[in-house]
Amino acid sequence: MLQSAETVEHFRRSKIGLLAARTNPTVPRDSLRLINDWYNWLFAFDDAFCEGELMGHRASALARALPPLLDILEGRREPGAGDPFGLALKEVLSRISASATPAQVDRWRITVKEYLFAQIWEAANREVDLIPTPEDYTLMRRITGATYTCFALIDAGGGYRLEAEEWHHPDVRALSDLACDLIGWDNDLLSYAKERDNDKARHNLVTVLATHRPLTLQSALREVARMHNDSMAAFVARRAALEQWAPLPVRKYVRGLEHWVRGHIEFSLGSARYVHAWPDGTQWPQAV
């Protein structure tokens, strides 16, 4: 998947393993290794297919590239020897299937499919030079960032299981959506400098708000921060409601969401993927 020594070095400096460790601080070593491999697959796929010139700006080309991956996810096709992404995807699927229940594997598989299809939406926007509306962006951001594919591994990686009625409970779904928003918007703030020089930061909430609302760049940054704080308050309130009924596995899952929100920030502040794009002298408040 990493085609050159330069790309390998870029991934090394990105410290993606730190993201896995920070967002999953209590899982067993084997589970953490699997989760880390999945995160690396996602970052490599994003760089090669979603941000690359060949497919990232051509929705039709990206759409044609997806059926082999979808077939591999369903076990209907063996990846070819020259398909590193397909080979790696099959290996990750096999390892998840060996440790998770069929229901857990299906949840993960569904979120991966949603993520893959959402990349076509992004590519279509790039192809016609479109900056999505705030309503469209906030909906699709939950899917395009692949965060749900990672949430789907929280219980399996931790060695416990959410039942179907727990996974689909309105409180669990609301908290998952809020956590996804928090992570996505944090990423938009932390990666804005990087994305501004690549693809005009069109898929970034800062740009979306500055384009479609009468806001300056600085006002848009403040608005994202305000939205983030409102969602954090909503998360805390919804968590309190959930704790009135939730059994231990559900409470552990919600704790996993909290690890993700905090861990993603700590990863981003230490990853060359983002910090090297910030202007000289940039300082961020340290997490407490």
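The sulfur of C150 lies 9.2 Å from the closest cysteine sulfur, that of C180, which is too far for a bond. A disulfide is a covalent bond between the sulfur atoms of two cysteines. With the criterion set at a pair of cysteine sulfur atoms within 2.5 Å, the count comes to zero disulfides. C150 is buried at 6% relative accessibility, and C180 is buried at 3%; here buried means under 20% relative accessible area, exposed over 50%, and partly exposed in between, with a 1.4 Å probe and protein chains only.

The model is predicted, with local features requiring pLDDT of at least 70 and side-chain atom pairs counted only at pLDDT 80 or more, while totals for chains, interfaces and linings use all residues. Residues are numbered from 1 along each chain as its sequence is written, and side-chain values use heavy atoms, with hydrogens and water left out.

Turning to the overall fold, the secondary structure of the protein consists of 16 helices and zero strands, where helices (H or I, at least four residues) and strands (E, at least two) are DSSP runs numbered from the N terminus. The radius of gyration is 19 Å, close to the 19 Å given by the globule rule for 288 residues, so the protein is as compact as a globular protein of that length. This radius is taken over C-alpha atoms, and the rule is 2.2 Å times the number of residues to the power 0.38. The C-alpha trace spans about 50 × 50 × 30 Å along its principal axes. Of the 288 residues, 48% are buried. Among contacts (heavy atoms within 4.5 Å) with a separation of 6 or more, 70% join residues 24 or more positions apart. The protein exposes about 13,700 Å², of which carbon and sulfur atoms supply 55%; accessible areas come from the Shrake-Rupley method with a 1.4 Å probe, and for residues only the protein chains shown count as cover.

The interior comes next. In soluble globular proteins, nonpolar side chains tend to be buried together. A nonpolar core is defined as a set of buried Ala, Val, Leu, Ile, Met, Phe, Trp, Tyr and Cys residues joined through side-chain atoms within 4.5 Å. The largest such core has 64 residues, and those with the most contacts inside it are W38, W108, L116, F151 and Y253. Helix α3, residues 29-50, gives the most to this core, with ten residues. A second, separate core of eleven residues includes Y137, L205, V206 and L209. Leaving out residues up to four places away in sequence, Y253 touches F151, I154, Y160, L162, W167, V172, R173 and S176.

Charged pairs are also found. Side chains of opposite charge can pair when their charged atoms come close. A search of the whole structure gives 24 salt bridges, each a side-chain nitrogen of Lys or Arg within 4 Å of a carboxyl oxygen of Asp or Glu. D71 takes part in a bridge with R76 at 3.0 Å, N to O, and in another with R77, where the closest N and O atoms are 3.2 Å apart. D71 is buried at 19% relative accessibility, whereas R76 is exposed at 59% and R77 is partly exposed at 35%. Elsewhere, R213, E223, R226 and D230 are linked in a network of salt bridges.

A further salt bridge joins D129 to R202, with the closest N and O atoms 2.9 Å apart. D129 lies in the loop between α7 (102-127) and α8 (134-144), and R202 in the loop between α12 (170-196) and α13 (205-212), so the pair ties together parts that are 73 residues apart in sequence. D129 is partly exposed at 45%, while R202 is buried at 3%. R202 is also in contact with N125, a residue whose other partners beyond four places in sequence are L130, P132 and H203. N125 is found in helix α7 and is buried at 5% relative accessibility.

Most residues other than glycine have a negative phi. In D129, phi is near 55°, a positive value in a residue other than glycine. K15 likewise has a positive phi, near 55°. K15 sits in the loop between α1 (5-14) and α2 (16-23) and is partly exposed at 44% relative accessibility.
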